[in-house]
Amino acid sequence: MLAEGCVFCDLPALADRDSIQTRDTKLENLLICQPQQRNFHCRIFGGFLMNLAFELAFLTAYAFVGQVPCFLEVDHVDFLKPVDLGDFLRLKSCVLYTQLDSPAQSLINVEVVAYVMRPELRTSEISNTFSFTLTVTRDARKNGLKIRNVVPATEEEARPVLEQMDADKIFA
């Protein structure tokens, strides 16, 4: 997996034109958590966090394929730390990988990681991770839409890809 990513880094003119590096699929969002987003425990409502993550995943897939994607499933959601009122929330997304081997459907796996940032404490911690699977319509594929293969360039980029691929095999 990393061999193709190394070609992008070391010999970009010779890299496969049907592939793209993970880092080139990234999007990001930043907001401050407001009182209207709180739950009964005065923390930020988990459904609000999931909605933010879904919107960013959808936009990431949209920007990646250049067409409106179709949502298929939430692969997993991890709530690791609570998010409090007034916290800065940074969401980072990327296309982890694509599955292009099925003639019926191309799959786009998008990961969103939410970070709680507290500038006064100079801290940034992961609060949530989300993984979504999206696709494109059959008509788009019939009309020649080509989805690129996503390749990681570093071990750090490859680790979540392998973890998600393993999880997909377990639940398949």
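Cysteine 42 is located in the loop between β2 and α2 (46-65); helices (H or I, at least four residues) and strands (E, at least two) are DSSP runs, numbered from the N terminus. The model is a predicted one, in which local features need pLDDT of at least 70 and side-chain atom pairs count only at pLDDT 80 or more, whereas totals for chains, interfaces and linings use all residues. Residues are numbered from 1 along each chain as its sequence is written, and side-chain values use heavy atoms, with hydrogens and water left out.

**Overall architecture**

- Four helices and seven strands make up the secondary structure of the protein chain, and their order along the sequence is α-β-β-α-β-β-β-β-α-β-α.
- The chain has 172 residues, of which 38% count as buried (buried is under 20% relative accessible area, exposed is over 50%, and partly exposed lies in between, with a 1.4 Å probe and protein chains only).
- Among the contacts in the chain with a separation of 6 or more, 72% join residues 24 or more positions apart; a contact means heavy atoms within 4.5 Å.
- The accessible surface of the chain is about 10000 Å², and carbon and sulfur atoms account for 55% of this area (Shrake-Rupley method with a 1.4 Å probe; for residues, only the protein chains shown count as cover).

**Largest pocket**

- The largest pocket holds about 590 Å³ of space; a volume is the space filled by probe spheres set on grid points, which are joined across faces, edges and corners.
- On a 1 Å grid over the protein atoms alone, a pocket is an open set of points with protein on both sides within 12 Å along at least five of seven lines, whereas a cavity is a set where a 1.4 Å probe fits but cannot get out; lining residues have an atom within 4 Å of a point.
- The lining of the largest pocket comprises 22 residues, and those nearest the pocket centre are Cys94, Glu111, Val113, Tyr115 and Pro160.
- At least two lining residues come from each of β2 (27-32), β3 (70-79), β4 (88-99), β5 (107-118), β6 (123-135) and α4 (155-171).
- With six residues, α4 contributes the most to this lining.
- The lining of the largest pocket consists of nine charged, seven nonpolar and six polar residues (Ala, Val, Leu, Ile, Met, Phe, Trp, Tyr, Cys and Pro count as nonpolar, Asp, Glu, Lys and Arg as charged, and the others, Gly among them, as polar).

**Valine 150 and threonine 98**

- Valine 150 belongs to strand β7 (residues 149-151), and threonine 98 belongs to strand β4.
- Valine 150 is buried at a relative accessible area of 6%, and threonine 98 is buried at 9%.
- The two residues are 52 residues apart along the chain, and their C-alpha atoms are separated by 6.3 Å.
- Beyond its neighbours within four places in sequence, valine 150 is in contact with residues including Ile20, Gln21, Thr22, Phe64, Val95 and Thr98.
- With residues up to four places away in sequence not counted, threonine 98 touches Phe64, Leu107, Ile108, Ile147, Arg148, Asn149 and Val150.
- A polar atom of the side chain of threonine 98 lies 3.2 Å from the backbone oxygen of arginine 148.

**Asparagine 128**

- Asparagine 128 is part of strand β6 and is buried, with a relative accessible area of 0%.
- Its side chain makes a polar contact of 2.7 Å with the side chain of serine 127 (a polar contact is a pair of N or O atoms within 3.5 Å; within protein, one must be able to donate a hydrogen and the other to accept it, and residues adjacent in sequence count only if both atoms are side-chain atoms).

**Leucine 72**

- Leucine 72 lies in strand β3 and is partly exposed, at 35% relative accessibility.
- Apart from neighbours within four places in sequence, leucine 72 is in contact with Gln105, Leu107, Thr133, Leu134 and Thr135.
- Between leucine 72 and asparagine 109, 37 residues apart along the chain, the C-alpha separation is 10.0 Å.

**Positive phi values**

- Most residues other than glycine have a negative phi.
- Cysteine 42 has a positive phi, near 60°, and is partly exposed at 44% relative accessibility.
- Arginine 122, in the loop between β5 and β6, has a positive phi near 55° and is exposed, with a relative accessible area of 78%.
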